Structures are given as structure tokens and as C-alpha cells.
Amino acid sequence: PEKVGAMILLNGTYGHALQTAFQPILRLPYVGSVISSVIQWLLARGHEDILEMIRRFSEPFIGIYFQMMTVLFGSKSLQKLYGKDYMLKAWQQYLGGICSNAKSMKAFLRGFQDLDAHSTGHLLYQISHPTLLMAGIWDTLTPAYTMLVMKRQMANARLVLDTFSGHFSVMEHPELVMTEIAKFLAAEVPNFRRRTGSQFEKPSLKKDM
């Protein structure tokens, strides 16, 4: 903590990622346990054939999904620069190697298991660093309400909820993301003072003269 002066956290969660995944409005009972159990079953039983079938079956739907997301939330500026399919291209570059075969897909699913097993929720109250949190209202992977929990626990955190983005706010609404980051770094962070190695004082309110 003493090495960090401020934090910017985009579209994330504090832990147990599978327990809230695909539940954008509110957390539903048993959904996280079912997702976790299915992943465990696929990995423990060595169902490479099923993994390959899921990968091939999902490919056309991923394309349709990102076309829809681009229409609803896509940045006009990035579409002009990289084309109307820029979000799909970014996704393919990100997951192209990870999900190109059953072996790499198994490693990817193990990563989700690690994210689900890990939580920092019990430590959030110790973080007083100036922090900018940004969440997309339509985020289905790490729902915005998980960042509301972080905001309540972290003394000097500010949360920006973006109504025009999902899990990829920096690609879907870069104008807002960059504006908020610039504002945070230039106008908010300098007002904080490090009290100890890991403790910061809140900015004092300036009284009108």
C-alpha cells in the first residue's frame, strides 16, 4: 500500500466473481453455485469434447452479441477509427488464443475458478487511497452493484456509473472514461495527503470567502 498513491479500477469486482456473474440487476440464489459446479464438472471429468463443442457453438453468437453491443453502446469515435466491428475484433484478439482449442479453454476456466475462490471484501475497509471506480450499468460479467459494495467500504473512493456501457466501458464509452480519469488525476488526487504509509486524509472542503 505504501507504494501506491491512487487507484483507478474499471469494470471489476472484489472477489467471488462467479457468484455474481450473469446477474446484472441483483444476485440470485444458487446461480453462482450452478456456474461453479458446471465448470468444475467440465474440468474434473476431462470433457474436452464438450468444451470444443461449446467453443464452436458459441462462436456465431459471440459475433451477434458484439454487433448488438456496438449498436447499443459502441463509441462513434472508435468506429470511425477502427471500423464498426472494432469491439468484435478486440474480443477476438483478447480471446483468440485463449479459446482457440480445448486445452487453452480449460486454462481459461481455471482462471475463473481462481477468481471465484478469491475475495478481498474483508480488507476493503483498510483502503483509504484516493480511488476512482467505474462501472457499466449493463455489465453482466462483473455487475455494477459489486462496485457499490467497494465504494461503501473504501473511505476515499468515488464511483462513476456509466449508463451507456457494459463490461468494456473503456471501449464502449471512452469519452466518459478518459474524461473522468483526467478529472480524477488532475483535480482530485492532488487534494489528498498521505498521513501514514497506507493511510490518506480526505480532501478538506474549501469554504467560500
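This is a predicted model: local features need pLDDT of at least 70, side-chain atom pairs count only at pLDDT 80 or more; totals for chains, interfaces and linings use all residues.

Trainee: Is Thr 70 buried or exposed?

Mentor: Thr 70 is buried, because its relative accessibility is 6% and the buried class covers anything under 20%.

Trainee: And which residues does Thr 70 touch, leaving out those up to four places away in sequence?

Mentor: With those left out, Thr 70 makes contact with Gln 79, Lys 84, Tyr 86 and Met 87.

Trainee: OK, new topic: pockets. How much space is in the largest pocket?

Mentor: About 1,500 Å³. Its lining has 46 residues, and nearest the centre are Trp 91, Leu 95, Phe 108, Phe 112 and Leu 141.

Trainee: Which helix gives the most to that lining?

Mentor: That's α2, with 10 residues. Helices that each supply at least two lining residues include α1 (31–44), α4 (86–95) and α5 (102–117).

Trainee: What about the surface? Which residues make up the nonpolar patch there?

Mentor: Ile 8, Leu 10, Val 170, Met 178 and Leu 185, with about 390 Å² of accessible area together. Strand β1 (7–10) and helix α8 (174–188) each supply at least two of the patch residues.

Trainee: Where does Leu 10 sit, and why does it count as partly exposed?

Mentor: Leu 10 is in strand β1. It counts as partly exposed because its relative accessibility is 34%, and that class runs between the 20% and 50% cut-offs.

Definitions and conventions
Residues are numbered from 1 along each chain as its sequence is written. Side-chain values use heavy atoms; hydrogens and water are left out. Buried means under 20% relative accessible area, exposed over 50%, partly exposed in between (1.4 Å probe, protein chains only). Contact means heavy atoms within 4.5 Å. Patches are made of residues with over 30% relative accessible area and no salt bridge: like charges are joined within 9 Å, nonpolar side chains (Val, Leu, Ile, Met, Phe, Trp, Tyr) within 5 Å. Accessible areas come from the Shrake-Rupley method with a 1.4 Å probe; for residues, only the protein chains shown count as cover. A salt bridge is a side-chain nitrogen of Lys or Arg within 4 Å of a carboxyl oxygen of Asp or Glu. Helices (H or I, at least four residues) and strands (E, at least two) are DSSP runs, numbered from the N terminus. On a 1 Å grid over the protein atoms alone, a cavity is a set of points where a 1.4 Å probe fits but cannot get out, and a pocket is an open set with protein on both sides within 12 Å along at least five of seven lines; lining residues have an atom within 4 Å of a point. Grid points are joined across faces, edges and corners, and a volume is the space filled by probe spheres set on the points.
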